[in-house]
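Here is a short tour of one model, for a reader who likes to know the cut-offs. Have the viewer ready and follow along.

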Amino acid sequence: MTCLVPLGTLISVNGDSETEIRSDVTVVGGGPSGAATAYWLAMRGFDVTVVEKKIFPRDKTCGDGLTPRAVVQLEAMGMADFLTTQHRYVGLRAVAFGRSFEIPWPKHPEFPEYGYVSRRSLLDQAVLDRAREAGARVLMHHEALSAETGAGGLAAVLAKNLDTGEVCRLVSKFYVLAEGSNARVSRSLGAVRNPGKPLGLAIRAYHPTTRASEEWIESHLELRDDSGAIIPGYGWIFPAGNGAANVGFGLLSNRSRWRKLNTTRELQRFIDATDGSWTFGDAEFPATGGKLPMGLAISPIAGPNHIMVGDAAASINPFNGEGISYAYETGRLAAGILTQALATGDASMIKAYPEQLRARFGLYYAVGNAFVRLISEPKLMSAGVWSAMRSPALLAPVVTVMANLLPGSSAAQVERIYRLANAARERFSSAG
Ligand SMILES: Cc1cc2nc3c(=O)[nH]c(=O)nc-3n(C[C@H](O)[C@H](O)[C@H](O)COP(=O)(O)OP(=O)(O)OC[C@H]3O[C@@H](n4cnc5c(N)ncnc54)[C@H](O)[C@@H]3O)c2cc1C
């Protein structure tokens, strides 16, 4: 029995019938972050092996919403043609307090004024195929079970071929952990989530609707629990084309009060409340949910020769739960740093990864984390949404900030928002 390895790979089988696969970089996980890392490394001629425990196409619990940020990343990976086959939309319709406003994506020097809704079964396969076309070796249905460590860091990742049961030893100069939110190997290497930072919980299902071709994704910002308190989160209806919409509910669970909410029940309540205008048919399959690790809450995210990317590094935007673009972006950043480390033979260059990640997203995510602390307080969430829904002139910049679509020179604005958010929180805490 052997691992399914394409020709040309250096393999040695030891006495225990364990196959060894050598490459420059081993990537654990073939979702957005792993596939992007593999694509950018393979494009530069490096030998990359991706292990993915599922068989693609596979469903991945997600809202399937791609913002203009994600579009830029996908186009950079040569996915423009694929995107034209997906459902394009032009902005966000915000609904709360009996009002509804359509906010188009802003004009921006770098990002387009449109996004897509793309089922992850299709999207993830297409990006992983792109990495394969660039030269990456992909071992599907192989689950990384553990990592061996040595003097210089990781010495190997052991992955089981889920068809044959055989264990492969993946040996490389560098390792990228792109396992998503249930990051077993990352955790075994000491990566822990800071419980003081936000964690999202979300659930979604696909429902047939006659409005599946609409050009606006919809967010409902005034969802209430049994006591009538506004929930820190939102319900979404993302028209997905082809007769269906992705309908979901997500909340910030950093307070025990919200952790106790039954998300399946809340989703149903949301569907019942919106059914009148969307006329949903029965769900294609039962709703599924998952965790959203946000705000760079995990550390350490790099070791002597390994790097964590995407959800494994908690790279989801705390403002809106968007994770796909950041998975691509962290994968691309990691690939850039590994390119330098491989080219120079200087593994210590990996230390630049957490620094570069902080330089790029640190301030914005700090603001996002402060924002989450604010809106976890129902009165503040309610006051904030109520005020925003009074004035589209206020709502549009809020949406721009939340989707991280401010022009590049806006660090000073973000800093100002950060100070204001903190001041508001302190004032509220001392008043309460
Ligand atoms: C309900 C919900 C709705 C969401 N909606 C949106 C949205 O609309 N837009 C958005 O941008 N983001 C959304 N997100 C977040 C988004 O799904 C994630 O941020 C994104 O998938 C992260 O990509 P990733 O590559 O880091 O991880 P994943 O997409 O989770 O990919 C990890 C891959 O690694 C594989 N894997 C895991 N462990 C192993 C192992 N040991 N060995 C081998 N393979 C392994 C998995 O099978 C998987 O394919 C949502 C999340 C949830 C839960």
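## A pair of facing leucines

L201 has L251 of β17 standing opposite. The two strands involved, β14 (residues 199-208) and β17 (residues 244-252), pair in the antiparallel sense over 9 bridges. Strands here are DSSP runs of E with at least two residues, helices are runs of H or I with at least four, and both are numbered from the N terminus; two strands pair if DSSP finds at least two bridges between them.

This is a predicted model, where local features need pLDDT of at least 70, side-chain atom pairs count only at pLDDT 80 or more, and totals for chains, interfaces and linings use all residues. Residues are numbered from 1 along each chain as its sequence is written.

## The sheet and its helix

The open sheet has 7 strands in the order β7-β6-β15-β16-β17-β14-β18, with mixed pairing. At its edges, β7 (99-104) and β18 (288-293) each pair on one side only.

Helix α7 (residues 263-278) lies across β14, β15, β16, β17 and β18, running at about 135° to β17. Contact means C-beta atoms, placed from the backbone, within 7 Å. Axes are lines fitted to C-alpha atoms, for helices over the stretch in contact, with angles from 0 to 180 degrees between N-to-C directions.

## Around the ligand

Which residues come nearest the ligand? Of the 41 around it, they are G31, G63, G180, G310 and G323; a residue counts as near if its C-beta atom, placed from the backbone, lies within 6 Å.

Domain 1 and domain 2 both give residues to this shell, so the ligand lies between them. The domain bounds come from an automatic or database domain assignment.

Note on methods
Contact = placed C-beta atoms within 7 Å.
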